[in-house]
Amino acid sequence: MFPRSFEYVAPADLAEAAEALASAEFAKVMSGGMSLIPMMKLRLLSPDLVVDIGRIPGLDQIEDRGDAIAIGALVRHAQTAASDAVPAALRTAAAWTGDAQVRNRGTTVGSVAHADIAADQPAAVLALGATMVARSASGTREIAAADFFVDALTTALEPGEILAEIRIPKAGGGSAYEKLGRRGGHTDYAVAGAAAWVQRSNGSISDCRVALTGVGTKPTLAEGVAEALIGTDGSPAAVEAAAARATEGVTLLEDLYGSEEYKAHLAKVMTARALTQAIADA
Amino acid sequence: MSTTSVLGGVVKRREDPALIQGTGLYVDDIKLPGMLYVAFVRSPFAHARITSIDASAALAMEGVEAVYTIDDVRHLGPVLAQVPIGKVRPLLADGVVNHVGEAVAMVVATDRYLARDAADAVEVDYEPLPVVVDLKEAATDAVKVHEDLESNILMTWEAGPFGDPDAMAETQRKIAEAKARDDTVVVSIEAVNQRLIGTAIEPRAVLADWNPGYGRFTVYSSTQIPHALAGAIAKTFGITYNDVHVVAPEVGGGFGLKLNIYNDEILVAFASQRLGRPVKYTESRRESPNSTIQGRGWIATATLVGTRDGEILGYELHGLCDMGAYSQNFTVAIPFLGVFVASGQYKFPTHVKLDCVATHTMTTDAYRGAGRPEAMYYLERVIDAYARKIGMDPAEVRRKNYIPADAFPAAVSPVGFAMDTGDYDKALDALVESDGYRQMLADRDRMRAEGKLVGVGLSTYVEVCGFGPSGLVDLGFSWSEYGAPAAFSGTGLVRVNPDSTVTVVIGTGPSGQGHQTTWSQIVSDQLGIPMERIRVIHGDSEESPFGIGTFGSRSAAVDGSATFEAAQKVRAKAAKIAAHLLEASEEDIQFADGGAFVAGSPDKTVSWEEIATVAYQPHRLPEGMEGGLEAHSIFSPANATWPFGAHAAMVEVDADTGDVRLLRYITVDDCGNVINPMIVDGQIHGGLAQGIGQAMFEEAVYDADGNLLTGSLLDYVLPTAADLPSFELHRTVTPSDINPLGVKGIGEAGTIGSAQTIVNAVVDALESLGVTHVDMPLRPKRVWQAIQDAKGGN
């Protein structure tokens, strides 16, 4: 559990951080360090340079920007979980992440950037239709959540880019997150998790997004579910029918905690539960 | 007893301020001048021939002092094992590796990061060989773990009763007859009692310092057995016990993991001697699962035959026990501890046969409970299944088959072991008549009516612990292989110092059990000297008379009793001194409130200060009395102790996901007299967490190639406080009659009684669906699958 040797910098602002990031062959950004440091200690990752953004002022805020809620790169899970401004799906995902120590140290944005296939945050930002704001030496780039998660532990971020902020549109509606954790209940990594967002108008579901985590090779939007639910009355029967399509297009991944069959089943159960709550919340 | 008795009282743990504030001293905190650090090159293969080891790149790194292979240490022989049956471990892999993580080479460098980098730079070429991991496959010998051993089956333990073949044949005949009757039912469960990784919060660490001038080793090790380690080092290096000083400072969790002599403990001593500098190795969390022993790992079939009205006529436990690749301290003897309690607290004929099987995995050895949780698991699972089959209350079935209270003190179990004291009805009654248990049953019925899957599980247990009888030496209960053929007796030394403080030196030490507090209570109670003035010294091979160590829930019963006796001797001498000073008869001396007084004349007193001073000024002592005020006692009990109890759990199962929620847990434990109820409760809490952890979360999973898939805490799911309900503890007290304190031991009871309670509860919850058994750990996927299989009519 000893990392290889590496250089370390703690820049004073994002511009300096982007510059540092571009200066090394293999640099990694560290915010809370809850994923990076274990990977370095396991020698699964051996960066030449660690750019610690932890001392940059102003990144630890959740801001209401009128049309969106902006979550800065240093906002801790515990902050997100306690914020009324954050939609329920992401708030719940934050509350069910790790243990109290991890929630006080780890960051929402860092977890999204890490893109673990069983993390809670990616499903929530997908369902909420968030926008990722990447900062590099050459400027700022916006990436839709739907385009962000490329593969296991792989995102659309380019080398030299820092995920500086996540913007969640204030689109109204209701949202929810449901999961079964490795030790049962809501604790630990997700064996299967589903985040749902729905909008209702005139008694029917006018818009919907559902995203899954834990069951496949990457956090994924369950587009079939949305397609099936939009236009229905959101009744239990409609939810059930829509949830049945949860794993369409998902490459299921068997692991120690579940077979493909079990994960497919759980994806449906979690989808139905998340949708039911989101509809009630809408 | 003194008027200010602290025995049986809740006294806060004296050791906790240092532990809580982080000022306690652990091995890794110790840094000696010029100290070097060790990292190991470990095998990525479960079975392979080593064709070459090239350390040149590592040796070229600045600060790398040495890289050692088996060629450097072969002359020291293998790692010593107390029960050297099977293949004992070479200090470093000798031509062949036999499990993933086996140490192949040792790198010594000036810092631990460099040591790790250098270890990565050592190039080892392997030629893979066939691997056997599956226990049933290993038992066929189709793939041999070690070519030079006759069989993978290293040992077979058989009893019914133990050591009497004729009586055993009679037992088997009775069981066969009962099975053949057409008015009996036979219930059989094949179950896995899975391998566990015993995860102490402090991994192992060892620091050795050879002083060539003195010709002695000083060794600091996070161990449960410092005296045995001193013996093992002396024997390995051909020096005397006096030439080795082993200190176990604070030990951050033991659970049996540190009840072993490890290759690294010998290797750092070797390196220190060779390099003339102190050398330290601290095991990393990542390597620990494959460098420290694991526990459990049985597959067995439990078969029970009985009448339709609950009279059990016979029980068989036949199984395979995973030993891993190499035998260490007790390895093949661990299943024998299961044999001890195979028939539990029951009177029916029992036949047990356990094969100890080698596989290409890390060694198994003692892990909290060690053989006893496994045995109780099978027994209490199959009794539960039998009760369901005949439709009888699970408590009633048990009650009907218990060894009755009036059989004691002469009770001998059907597997052939004399038991000290027992009153099994009493503990069971206390459980089933408790408000909590009644409420559990009422809540279960109410919640079931609401359509929920809710179950209540009950089980009872007996365990054997407090290992100490000198007569067990021939069964391996000594450290003879470490050059110390002392029986597992207790040792205690009590010394009143000239200022009337007391120093207590014991041969056993804590890895969290609170010895400092418990021993202070025992001595304070005898002498009437306040606990604050008593200091307990432990874990030091030079300070204490030869000590056996802390394991098998033995400390209080054996070393505690020795200390009690030593304190009695000191008290008797102090009474003589007081009588002399007060010009009274020795028989009239009583102790209270910091000194002695003459019975009937409370004004005639002498303080402990005065008694102590006089003891160290021999001219003031009675004619012929030796100076000083101290005594030592070796306590050798006539038997081990047999604690018992009854547990109940209530669970809810989510039918859609298989998720099990533990709602409530009630225990009645009988560990004899209780010295400190808070410490006893704490031991039960920890034991329950580990037993429930086995039932619900923990599992060491190897793939077919022998890779450990649960080698980090990401994948090896440990229970946390958040996963557990608030335990409801009750007690009955049936004092042991084989030691003066009447205590039995409580370190392992929680673990021994709990796993089957949880599984029984889950099976109860799923009974309506037709589920009759689910293997541990009760992960959601497994419970869900059991529900699906039952629905499918499988």
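Predicted model: local features only at pLDDT ≥ 70, side-chain atom pairs only at ≥ 80, totals over all residues.

Trainee: Where is Ala370(B), the residue with a positive phi although it is not a glycine?
Mentor: Its phi is about 45°. In chain B, Ala370(B) is in the loop between β15 (350-358) and α11 (372-390).

Trainee: How confident is the predictor in chain B, going by mean pLDDT?
Mentor: In chain B, 99% of the residues reach 70 or more. For the complex, the predictor gives an ipTM of 0.95 and a pTM of 0.96. The mean pLDDT of chain B comes to 96.

Trainee: Which residues of α8(B) does α7(B) meet, and is the crossing left-handed or right-handed?
Mentor: The crossing of α7(B) past α8(B) is right-handed. From α7(B) come Leu229(B), Ile233(B), Thr236(B) and Phe237(B). By class, this contact has five nonpolar, one polar and one charged residues. On the α8(B) side, the residues are Glu265(B), Ile266(B) and Ala269(B).

Trainee: What about α16(B) and α17(B): how do they lie to each other?
Mentor: Helix α16 (residues 555-582) and helix α17 (residues 608-615) of chain B have axes 10 Å apart, and the angle is about 95°. Angles of 65 to 115 degrees count here as roughly perpendicular. So α16(B) and α17(B) are roughly perpendicular.

Trainee: How do the residues of that α16(B)–α17(B) contact divide by class?
Mentor: In α16(B), Ala574(B), Ile577(B), Ala578(B) and Leu581(B) take part, meeting Glu610(B), Ile611(B), Val614(B) and Ala615(B) in α17(B). By class, that contact is seven nonpolar, no polar and one charged.

Trainee: Which element gives the most to the side of domain 1 of chain B that touches domain 2 of chain B?
Mentor: Domain 1 of chain B covers 16-22 + 490-635, and domain 2 covers 422-471 + 641-794. Their C-alpha centres are 40 Å apart, and 17 residues of domain 1 of chain B are in contact with 19 residues of domain 2 of chain B. On the domain 1 side, α15 (515-527) and α16 of chain B are the elements giving two or more residues. The largest share, seven residues, comes from α16(B).

Trainee: Over in chain A, which element gives the most to the side of domain 2 of chain A that touches domain 3 of chain A?
Mentor: Domain 2 of chain A is 63-169 and domain 3 is 174-281, with C-alpha centres 19 Å apart. The contact takes 22 residues of domain 2 of chain A and 24 of domain 3 of chain A. Elements supplying at least two residues on the domain 2 side are α4 (88-95), α7 (121-127) and β8 (149-151) of chain A. With five residues, the top contributor is α7(A).

Trainee: Last one: which element gives the most to the side of chain B that touches chain A?
Mentor: The contact takes 24 residues from chain B and 20 residues from chain A. On the chain B side, α4 (112-121), β27 (660-670) and α20 (780-791) each supply at least two residues. That side divides into nine nonpolar, three polar and twelve charged residues. Giving the most, with four residues, is α4(B).

Technical notes:
Residues numbered from 1 in each chain as written. Chains lettered and ligands numbered in written order. Left-handed = near helix turned anticlockwise from the far one by under 90°. Contact = placed C-beta atoms within 7 Å. Nonpolar A, V, L, I, M, F, W, Y, C, P; charged D, E, K, R; others polar. Axes fitted to C-alpha atoms, helices over the stretch in contact; angles between N-to-C directions. Parallel < 35°, antiparallel > 145°, perpendicular 65-115°, else oblique. Domains from an automatic or database assignment. pLDDT = per-residue confidence, 0-100.
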